[in-house]
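Subject: Structure handover

Hello,

Here is the structure I promised you. Please open it first, then read on with the viewer beside you.

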Amino acid sequence: MTRVAAIDCGTNSIRLLVAEISEGALAEIDRQMVIVRLGEGVDRTGEFSPTALERTFAACDTYAEVITAADVQAVRFVATSASRAVSNRAEFIRGVRSRLGVEPEVITGAEEALLSFSGAVGGLAAGMAPAPRLVVDIGGGSTECVLGDEEPNASWSADIGCVRMTERHLH
């Protein structure tokens, strides 16, 4: 048995999944989500604000405690849309690394689409959702659409998310 943790740091929220892997099966141990609004103002300024980083780092501190208490052996941290093009990404990466001991992976929109598809269809029982399947992941900074059967056949990612659209159009 191996305990693992996955952290998904998006434009609006940061999520933690702690799971146990045994004989190829995944058993959830803990699942948490905190709204940190990391991407607040990023579309306008091109950088993370100090308060957004503080909120995100506070969530990372909490997640570090959970990971330690759960005796996790491996951690993966992925960061999505807001982290892709900010001018102060290095500050974000240093802060995450110092709290969790792992290097955040800033993934592309295409990688985000593939992970969204895998997460959405990976646990489906046979016949539960007949193929082809369309997975739409509307995030805070981007939206991904993925079409596939058991594996993705086509994907699309655009910088259209609820935080971006709200900040641009709803004042």
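Start at the hairpin of β2 and β3. Two residues lie between its strands, and E23 takes a positive phi near 50° there. Pick out R15 and look across to β3: M33 stands opposite. One reminder before you go further: this is a predicted model.

**The pocket**

R15 is one of the residues nearest the centre of the largest pocket, along with D8, V78, L115 and G119. The lining has 38 residues. The space inside is about 1100 Å³. In general, such empty space shows up when a probe the size of a water molecule is rolled over the atoms.

Which elements build the lining? At least two residues each come from β1 (2-9), β2 (13-22), β3 (25-35), β4 (74-79), α5 (109-121) and β6 (133-138). β2 gives the largest share, with seven residues. Sorted by class, the lining holds 18 nonpolar, 14 polar and six charged residues.

**The sheet**

Next, find β6 again. It belongs to an open sheet of three strands, in the order β6-β7-β8, with antiparallel pairing. As background, strands of a sheet pair through backbone hydrogen bonds, either parallel or antiparallel.

Now look at β7, residues 143-148.

**One arginine to check**

Last, go to R164. It sits in helix α6, residues 162-169. Is R164 buried or exposed? It is buried, because its relative accessible area is 13%, and the cut-off for buried is under 20%. Leaving out residues up to four places away in sequence, R164 touches D43, S81, G140, G141 and D159. Show those side by side with R164 in the viewer.

Best wishes

Definitions and conventions: Residues are numbered from 1 along each chain as its sequence is written. This is a predicted model: local features need pLDDT of at least 70, side-chain atom pairs count only at pLDDT 80 or more; totals for chains, interfaces and linings use all residues. Side-chain values use heavy atoms; hydrogens and water are left out. On a 1 Å grid over the protein atoms alone, a cavity is a set of points where a 1.4 Å probe fits but cannot get out, and a pocket is an open set with protein on both sides within 12 Å along at least five of seven lines; lining residues have an atom within 4 Å of a point. Grid points are joined across faces, edges and corners, and a volume is the space filled by probe spheres set on the points. Helices (H or I, at least four residues) and strands (E, at least two) are DSSP runs, numbered from the N terminus. Ala, Val, Leu, Ile, Met, Phe, Trp, Tyr, Cys and Pro count as nonpolar, Asp, Glu, Lys and Arg as charged, and the others, Gly among them, as polar. Two strands pair if DSSP finds at least two bridges between them. Buried means under 20% relative accessible area, exposed over 50%, partly exposed in between (1.4 Å probe, protein chains only). Contact means heavy atoms within 4.5 Å.
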